[in-house]
Amino acid sequence: MKRFAPILIALLLISLLPGFAQTANKRLILKDGSYQVVIQYEVVGDRVRYKSAERSGEWEEIPKDLIDWPATEQWNKDHEPGALAAAEAAREKSEQNEAAAIDKEEQQERAAELARMPFVSKGLRLPDESGVWGLDTFHGTPELIHLAQSNGDINKNLGHNVLKAAINPMGGSKQLIQIDGDRAKIQLHVSQPELYVSLDTNDEDVPPDDALKVDTHGASAKKDKNNYSSPNSRYVIVKVQVRHNLRVIAAMNISMLGKVSHSEDIVETVTQVLPGGRWMKVVPKEPLSFGEYALMEVLSPQDVNLDVWDFGVDPRAPENKNTLTPIQPTR
């Protein structure tokens, strides 16, 4: 008899399989919120005939108008065989689509961020900051260094300030821009440095009143409330005159800025707006000799920005502080 036991168990399991294959139980949800669990139901006239799953399975009846049909149909639809799996698959797909959309948005934000930080040398990007940066080379290593405006400080003013004044050919030698100190803090070691000007607005920076001395002798000079660097501006490099603890740009040089003619103290530049429109590259047309200089912005043929960016050229100078150097790739 024992040897027939496995066969009997197998036959018993086979006999139960049709029960598992039957349609799942349904519900008839009544308008009062209660419900009947049924094996099946059918509508006959104004009555609903059903077989209860909780009782003998014989046919029972209930008035049709007691049934909450929308709730009944929705519950039965949601609980059809495979409906839960389909709903779960749809939810997972929705979550995947949402994650993909977030990834795409993050990728776009990252791409926009990198567009604001273009490479200027291998492994060396411009920072996502406002202002003017110079590309220098010290002992064979490219370095980026921030050039502060003569009215600013590298730790206080990273923006672009505009002190507009009219180009005055009749200004004479008395109209001066005076920069404190006989030597700029930033000394570049190459004769044709690349300068990068950010093209953006920055109205929050307020320069100290005593850092820049402009003697206009009655000429018009006013602070531009819309401080910005326009791609339409023209940039020149002016060689400054060194005096007793001062560097000076004379009015004669300022008056020459609106003309096509050249001056030995004014170096014309070549400009290029980099892809992304965030930066303008400014390069002198000819090598700069040893000395003190200022990058000057010509706003229009009639106006000049008196807030200049000062620097020197001295191959023998020590390395500048707070430079940005190339990031070495990780292995």
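This is a predicted model: local features need pLDDT of at least 70, side-chain atom pairs count only at pLDDT 80 or more; totals for chains, interfaces and linings use all residues.
Partly exposed, in this talk, means a relative accessible area between 20% and 50%.

Start with the salt bridges. A search of the whole structure finds 9 of them. I'll go through a few.

K281 first. Its partner is E194, and the closest N and O atoms are 3.8 Å apart. E194 sits in strand β12, K281 in strand β19, residues 279–284, so this pair ties together parts 87 residues apart in sequence. E194 also counts as partly exposed, at 21% relative accessibility.

Next, E61 and R47. They form a salt bridge with the closest N and O atoms 3.5 Å apart. E61 lies in strand β4, residues 59–63, and R47 in strand β3, residues 47–52, so the pair links parts that are 14 residues apart in sequence. Both ends are partly exposed: E61 has a relative accessible area of 47%, and R47 has 30%.

Then E60 with R55. Here the closest N and O atoms are 2.8 Å apart. E60 is partly exposed at 23%. R55 is partly exposed too, at 43%.

Now back to strand β12, which covers residues 194–198. What does the side chain of S198 reach? The backbone nitrogen of G131, at 2.8 Å. And is S198 buried or exposed? Buried, because its relative accessibility is 0%, and the cut-off for buried is under 20%.

Note on methods: Residues are numbered from 1 along each chain as its sequence is written. Side-chain values use heavy atoms; hydrogens and water are left out. Helices (H or I, at least four residues) and strands (E, at least two) are DSSP runs, numbered from the N terminus. Buried means under 20% relative accessible area, exposed over 50%, partly exposed in between (1.4 Å probe, protein chains only). A polar contact is a pair of N or O atoms within 3.5 Å; within protein, one must be able to donate a hydrogen and the other to accept it, and residues adjacent in sequence count only if both atoms are side-chain atoms. A salt bridge is a side-chain nitrogen of Lys or Arg within 4 Å of a carboxyl oxygen of Asp or Glu.
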